[in-house]
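This briefing is meant to be read with the structure open beside it. Please follow each named element in the display as it comes up.

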Amino acid sequence: MIAATHSNHPLAGVSPGANLSPAAIGSARLREHGLRITKPRIALIEALARQPGPVPIEQLHHAVRPEACDLVTVYRCLSAFEEIGLVRRSFLYNGTSLYELVLGAAPKHYHLICKVCSRTDRVDYFPIEGVERVLRERGYTQLSHLVEFFGVCPACQKMGPPVREIAPPSLDR
Ligand SMILES: [Zn+2]
């Protein structure tokens, strides 16, 4: 896993002076959107806050202690969180969802995911802001977009020859 850095912390972007725990900020966001504050939801927010980057649902389920909260509950919580912008979802090359806590302003970075080892990296370059501004000026609200980058990381390149792309289904028969 990548190491957590200061700028990578889920609290990055929270207004200065707000010295609140992730659970407190998350609870406020839930309340603001009329969602109930439940034990599993708080446990999940705390588990998300402990992750060094975007993680798959199984890892979160493990982090909240499987006996405290079943996988379906984790899935439902995450989907509710995603709807109110409390988590951002990204995708692995194989389509697996990864979840990341967003406590402050919407993150202005993208993920780059290695096709070989699935490690995620960040790209702090966000040229899409202009597009969002244009759409907002046109009257659109609740804008969202999906952009994922995939590649082979330098470490994996050193391990051997580059991976072959999965071949499309053959059409000659
Ligand atoms: Zn890699």
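**Arg122 and the overall fold**

Arg122 is found in strand β5. The model is a predicted one, and in it Arg122 counts as partly exposed, because 16 other C-beta atoms lie within 10 Å, whereas a buried residue would need 20 or more. Although Arg122 and Gly53 are 69 residues apart in sequence, their C-alpha atoms are 9.3 Å apart in space.

*The protein as a whole*

- The protein contains six helices and six strands, and when it is read along the sequence these follow the pattern α-α-β-α-α-β-β-β-β-α-β-α.
- Of the 173 residues in the protein, 18% are buried.

- Strand β4, which covers residues 110-114, pairs with β5 in the antiparallel sense over four bridges, and Ile113 has Thr120 in β5 as its bridge partner.
- As background for looking at any such strand, the side chains in a regular strand alternate between the two faces of the sheet.

*Strands β1, β2 and β3*

- Strand β1, made of residues 55-56, is joined to β3 by two bridges, and the two strands run antiparallel; in this pairing Val55 has Tyr99 in β3 as its bridge partner.
- Strand β3 also pairs with β2, again in the antiparallel sense, over five bridges, and here the bridge partner of Ser90 is Leu98 in β3.
- The strands β2 and β3 form a hairpin with five residues between them, and Gly95, which lies in the turn, has a positive phi of about 95°.

*Helix α2 and its surroundings*

- Helix α2 is formed by the twelve residues 39-50, and the distance from its first C-alpha to its last is 17 Å, which is close to the 16 Å expected at 1.5 Å a residue.
- Which residues of α2 are buried? They are Arg41, Ala43, Leu44, Ile45, Ala47 and Leu48.

*How α2 meets α4*

- The axes of α2 and α4 come within 10 Å and cross at roughly 75°.
- Are α2 and α4 roughly parallel or roughly perpendicular to each other? Angles of 65 to 115 degrees count as roughly perpendicular, and α2 and α4 are therefore roughly perpendicular to each other.
- On the side of α2, the residues that take part in this contact are Pro40, Arg41 and Leu44, and in α4 they meet Thr73, Val74 and Cys77.
- Sorted by class, the contact of α2 with α4 consists of four nonpolar residues, one polar residue and one charged residue.
- Two of the α2 residues in this contact, Arg41 and Leu44, are also among the buried residues of the helix.

Definitions and conventions: Residues are numbered from 1 along each chain as its sequence is written. This is a predicted model: local features need pLDDT of at least 70, side-chain atom pairs count only at pLDDT 80 or more; totals for chains, interfaces and linings use all residues. The expected span of a helix is 1.5 Å times one less than its number of residues. A residue is buried if 20 or more other C-beta atoms lie within 10 Å of its own, exposed if 12 or fewer, and partly exposed in between; C-beta atoms are placed from the backbone. Two strands pair if DSSP finds at least two bridges between them. Axes are lines fitted to C-alpha atoms, for helices over the stretch in contact, and angles run from 0 to 180 degrees between N-to-C directions. Angles under 35 degrees count as roughly parallel, over 145 as roughly antiparallel, 65 to 115 as roughly perpendicular and the rest as oblique. Two residues are in contact if their C-beta atoms, placed from the backbone, lie within 7 Å. Ala, Val, Leu, Ile, Met, Phe, Trp, Tyr, Cys and Pro count as nonpolar, Asp, Glu, Lys and Arg as charged, and the others, Gly among them, as polar.
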